[in-house]
Amino acid sequence: MIRNAKRITAYALTAVITFSGMGITAQATGDSILPGGGVSLALSNGNKLEDITSDVPTMPIESIIEWIQVVDEDVPGEPTEEDLFKSLVIAQVTNYVNVRSLPSEEGEILGKLYNNSVGTFIQEENGWYQITSGSVTGYVKAEFCVTGEAAVEIAKRVGKRIATVTTETLFVRSEPSTECSIIGMVPEADDLLVLEETEGWAKVDVEEGTGWVSTDYVSLHSEFVQAESKEEEERRLAKEAEERRKAQEAAAKKAAQNAATQNAQSGASTQEAVSYDVSGGSEMGAAVAQYGLQFVGYPYVYGGSSLTGGTDCSGFVMSVYANFGVSLPHSSAADRSQGYAVDGLANAQPGDIVCYSGHVGIYIGNGQIVHASNSKTGIIVSNASYRNILAIRRIF
């Protein structure tokens, strides 16, 4: 692969930071919050471990990469996706590799490049790659990363192609044509997982199944994890701690109010009671899950937020959490940035928010979620793995 040393044939990265991670005290146990970013790959025999942490794992942040072409007269034509991926440097480590100020272990640690996270290649120097990733520009050991041709397939696997809806209501059609039937509707700003792209259309995953949307009404981008600077990590951990404290205080206050009025309210429901085993995790998370379950059987209404009169998926999550004094957005895409990240379904606890392409639900334990599914089924309980999960977020 040819790289121009004078004018870099690369693409600028603009990081949109969301809050992930539990903090530096997270333990690597079965119910812990663990580093995300895809499947961990074992290091080759004989690799040195100077730049790989042996401490308790720290959570990565999630970022969105927006590709901005830097014009280079020596490289004509539009770049392909494969060209873009060849310019990536992708960490392949157990946890993270340090980003240093110099191509040496004596260099100051500027940040962390987590496993399967990416930077853009600048140059190679004495077995080190100089990269830019998020707000960090520095050096990572080449033996712990891949770039060029080797990065292409990994980038396809660990990156997510996302279509963000840019119109008030987007129709999802059965085939890539405006003449075909509408299988679903998606509100503005929702994120959809792209499965395939063709001229003018993108095949996406929605609650009603797979369908096609016009690319005239979406913004397409690829999501990867990028480096986190030392300063960003400190700010993130402090903000997450403060948000958890506020959420817990609000929930405790709301619980006291509910308890004070409980005797004055009828315990009967117009819906037949449904019993599910909600166990594990925090007491507050279990209470959220149990509260959401009492609305199973009530209707789905697009754009709605009434737990009994009709609600859509994000309206359901918003209204359930509102009962505990926690304010969440009426948007499945925005829910992906609430709270902090949980790595994988195996680490999910009752009350966690499970985010899908254009959809969201509440985890209730035992591999299940409660969610406002669609107009045909209303609010139901489903296996959490019934669709590809984009993110799991914890509020408490």
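This text walks through the structure from its overall make-up to single residues.

The model is predicted, so local features are described only at a pLDDT of at least 70, side-chain atom pairs count only at pLDDT 80 or more, and totals for chains, interfaces and linings use all residues. Residues are numbered from 1 along each chain as its sequence is written, and side-chain values use heavy atoms, with hydrogens and water left out.

Start with confidence. pLDDT is the predictor's confidence in each residue, on a scale from 0 to 100. The protein chain averages a pLDDT of 80. In the chain, 76% of the residues score at least 70. Two stretches call for caution. Over residues 1-75, pLDDT stays under 50. The model has 211 contacts beyond four places in sequence for that stretch; a contact means heavy atoms within 4.5 Å. Over residues 266-273, pLDDT also stays under 50. Here the model has 5 contacts beyond four places in sequence.

Now the whole chain. It holds 6 helices and 26 strands. These are DSSP runs, numbered from the N terminus: helices are H or I with at least four residues, strands are E with at least two. Of the 396 residues, 48% are buried. Buried means under 20% relative accessible area, exposed means over 50%, and partly exposed lies in between, with a 1.4 Å probe and protein chains only. The chain exposes about 18400 Å², an area computed by the Shrake-Rupley method with a 1.4 Å probe. Carbon and sulfur atoms supply 49% of that area. Among contacts with a separation of 6 or more, 68% join residues 24 or more positions apart.

The largest nonpolar core has 32 residues. Such a core is a set of buried Ala, Val, Leu, Ile, Met, Phe, Trp, Tyr and Cys residues joined through side-chain atoms within 4.5 Å. Those with the most contacts inside it are Phe316, Val317, Tyr321, Ile353, Val370, Ile395 and Phe396. Helix 5 gives the most, with 5 residues.

How enclosed is helix 5 by the rest of the structure? It is largely enclosed, because 9 of its 10 residues are buried. These are Cys313, Ser314, Gly315, Phe316, Val317, Met318, Ser319, Val320 and Tyr321. Beyond its neighbours within four places in sequence, Ile353 is in contact with Val317 and Tyr321, among others. Its other partners include Leu328, Val360, Ala391 and Ile395.

A second, separate core has 15 residues, including Val99, Phe121, Cys145 and Ala227. Elsewhere, helix 2 (residues 149-158) has five named residues to look for: Ala151, Val152, Ile154, Ala155 and Val158 are buried. They pack against helix 1 (81-86), strand 4 (88-91), strand 10 (145-147), strand 11 (160-165) and strand 17 (218-224).

The structure holds 2 cavities of 30 Å³ or more. On a 1 Å grid over the protein atoms alone, a cavity is a set of points where a 1.4 Å probe fits but cannot get out; lining residues have an atom within 4 Å of a point. Grid points are joined across faces, edges and corners, and the volume is the space filled by probe spheres set on the points. The largest cavity has a volume of about 50 Å³.

Finally, some single residues. Asn126 sits in the loop between strand 7 (118-125) and strand 8 (128-133). Its phi is near 55 degrees, a positive value in a residue other than glycine. Asn126 is exposed, with a relative accessible area of 67%. Ala189 lies in the loop between strand 13 (182-187) and strand 14 (191-198). Its phi is near 80 degrees, again positive in a residue other than glycine. Ala189 is partly exposed, at 38% relative accessible area.

Is Asn323 buried or exposed? Asn323 is buried, with a relative accessible area of 16%. It is found in the loop between helix 5 and helix 6 (332-335). Leaving aside neighbours within four places in sequence, Asn323 is in contact with Lys254, Asn258 and Tyr291.

Key. 1 Å grid on protein atoms, 1.4 Å probe; cavity = no way out; pocket = protein on both sides within 12 Å on 5 of 7 lines; lining within 4 Å.
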